[in-house]
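Please prepare a short briefing on selected local features of the model shown below, grouped by topic and with the cut-offs stated.

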Amino acid sequence: MSKSKVKAISLDPEKSNGGLEGMYKEYFLDYASYVILERAVPAIEDGLKPVQRRILHTLKKIDDGRYHKVANVIGQTMQYHPHGDAAIGAALVNLGQKDLLIDTQGNWGNYITGDASAAPRYIEARLTKFALDVAFNAKTTEWQLSYDGRNKEPITLPMKFPLVLAQGVEGIAVGLSTKILPHNFVELIKASIKALEGKRFKLYPDFQTGGKIDVSEYNQGKRGGKVKVRARIEQRDKKTLAITELPYGVTTGNLIDSILKANDKGKIQIKKVIDNTAKNVEILLELPSGVSAEVTLEALYAFTNCEISISPNAVVIADKKPLFCGVDDLLKISAENTKGLLKKELEIQKSELLEKWHAVSLEKIFIENRIYRDIEEAESFEEVLKIIDKGLRKYVKTPGDKATKNDKRLKLKREITEEDIIKLTEIKIKKISKYNKFKTDELLKSIEDELKQVNYDLKHLTEYAIAYFERLLEKYGKGKERKTEIAEFDTIKAVAVVAKNAKLYVNRKEGFIGTGIKKDEFISECSDIDDIIGFTKQGTMRVVRNGDKVFIGKNLLHAAVWKKGDERTTYNMIYIDAKSGRAYAKRFNVTSITRDKEYDLTTGDAKNKVVYFAAHPNGETETVQIQLTPGCRAKKKVFDFDFADLEIKGRGSKGNIVTKWPVRKVTQLEVGESSLGAVEVWIDLTSGRLNKEGHGKYLGEFESGEMIITVYKNGTYMLSEFNFDKKYDGPNLIDAEKLYEETVLSCVYYEGEKGWTMVKRFHIETQSEDVYTKFISHHKSSKLYLATLSETPVVKFSYKKNNQKQEEEIDLSEFIGVKGWKAIGNKLGEYKILKIEEHGEEDKSVSKSVTKSNDASLKDNKGNQSKKNGIINPGDTIEFDF
């Protein structure tokens, strides 16, 4: 809806329908319609907002192949656009930065750093060849008057490309907004071809800034969908992370600001931020000593703009109304629209060729049969026209003439008009004198050949449209490959990666917990986003968000960091019911709550009292001694009670009766084993995460405190207590096992100082947890070839000796005995290994995964033990280039 079409509105409230109320309603609807149709939302036909369309039309109108000052372009565009120069300039810069339709020169700003462009008088622009090919054709364009009626402007451009999906668009109107993410140029063309062929296709966003994207909830860009976008972060060394690509819509400036804010709040620990961004992004993050690069990387995704969520909402204008649809539908509509425009161009071309053929044919007859001589005696122009018309009809037949048997006249494709005859009278004598019959016949033949091809293309329009897209891909597709990597992101639990940046204290009597009450009792390390659980002597429980000073309830018995879904932490409690005087015992866990809500764990009487409470992180049982009051009539006034006799139930259970006599004191005697049993643990060797769902390699059953050994490509191993929140260095992880006393690590490595290939086998003697221990020599040229935790490691390897390739197979357990972890090992040879692989029986942990896993998890296990994940396992082949 152009401004010239907005109806005039009376400013007199008395003349407006419904008085003042009707006037506001009428004005608002007109304004809302104008903003939606004329400013904020793109048209489905060309994917452009009105201001963008007017800019491109202006650039086409002044196009002479050279650059134009942007200030001049803005001024020329104001003939068509009824708004200020600032809006036009901003839209022009935005179009230029997308690097698709406008060829720019000068400082156009930087979408990476957020720097603004230079003033319009200093920068220049012109249309790209791509824009000239796909966006303009005056013959197929529909026109309208501009807002002041002085100029003509296109209603929509004849766009033969899914521009709205390539560039993306964002706009906010009155009561309506649109957000369509940009997609990859090459993928859009290939998808257009598939749409024309009736095949299925998938479209996912692609950004100039690169990065990574999780499209699992994209929902074709419809309202309600979302994508997660991450920066690309590399680990340069143990203390340095490098951000090399940004999430869409994030600049280096606001990314660094978000990192500094997270550091100030203690959510991450960064020593120094260095911005080396020039043409390419490079933000270096230096970590303080003792801070894990892996955990910091995940914390960056959890607490900074290194990961953002974007909610698309694909809305376009179709038939002067908003249309809500997915990107797949938009592409199909665009492909069909392109096909329709190509058909229109072919029909126009056919019409022009027919007219040209008609004109050349009449000219040929007029000159070759010397009809021009018959007009020498004519006394008026009207008589000249009649003579020529009569002369032509001797040699041609028109569609209305009846055909005869020996009729050799040339058949025209339409009637002869007076305009045709007038054109013949305008032929110059020079042309008649130099007329060449052969060239004329050749011209007619070429026109007929073109007509034949056009008719063929019209009959095979789909194939013609596909060929058009293929030409676009060949001509402009180079250098427009996908920049944003499609990946599936792990859900990062903020509490698992946040730095333990605070200490938790408790005031048991007053019932307060927090990080600011430092004069009170210290509980544990914590973060400022942890949830804290507390239990009171009255038998109530509450979970609150950590803070400086937060009230839970007076007379606190226990307070600790609480984790949602924790099924192993078990609480043992004995309380006295005030009404009956009986003592009840219960075991329960707390897996879900409503934060800040008080829960009663007893029978609900305000006078109930807890006489014993204990929390156990792994469901351990315990035995307590119960002493009754001396004055009671019970025969046995001191007895033991074992919590192992109770089942673990929900927090709302009443519990079991322990005694009906008054209780004086309850004392813990001993803590037993976990009643929950061991937990089965798997490790995903790709991501480096432990899990209970059967993903990856089976490690075994773990009790609290049992250890895992992980082996890495750089010739190190690490011992760690099993913890589902821990993340290992997946990309460099070779293998992982449950640690036993008899565990033996066997390896083949190149000793850099001596230039030998060595073999060593050793028991794990070190006790330090979460510390990388180097088990090959520290020389810079030393290199690990193979490491295995197999009990009977047999390896087959090849090497060069005297320029001859040699192959050998040895049993490492027979080649060398088990020695200390610091031993250099035994020399295998004075050469470098070319290829090495392991054969033999699978180790005990793998055997356990076969016996304890179902078929599906066994398949996952094998699938994760592949070279694709960078893991060396039995049967793998590893090649080295020297």
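Ser-746 is buried, because its relative accessible area is 0% (buried means under 20%, exposed over 50%, and partly exposed in between, with a 1.4 Å probe and protein chains only). This is a predicted model, in which local features need pLDDT of at least 70 and side-chain atom pairs count only at pLDDT 80 or more, whereas totals for chains, interfaces and linings use all residues. Residues are numbered from 1 along each chain as its sequence is written, and side-chain values use heavy atoms, with hydrogens and water left out.

**Surroundings of Ser-746**
- Ser-746 belongs to strand E42 (residues 744-751), where strands (E, at least two residues) and helices (H or I, at least four) are DSSP runs numbered from the N terminus.
- The side chains of Ser-746 and Arg-761 make a polar contact at 2.9 Å.

**Positive phi in loops**
- Most residues other than glycine have a negative phi.
- Asn-555, in the loop between strand E25 (550-551) and strand E26 (556-562), has a positive phi near 60°, and it counts as partly exposed at 34% relative accessibility.
- Asn-803, in the loop between strand E46 (794-801) and strand E47 (804-811), has a positive phi of about 60°, and it counts as exposed at 73% relative accessibility.

**Position of Glu-379**
- Glu-379 lies in the loop between helix H10 (327-368) and helix H11 (381-393).
- With a relative accessible area of 76%, Glu-379 is exposed.

Conventions
Polar contact = N/O pair within 3.5 Å; in protein donor to acceptor, adjacent residues only side chain to side chain.
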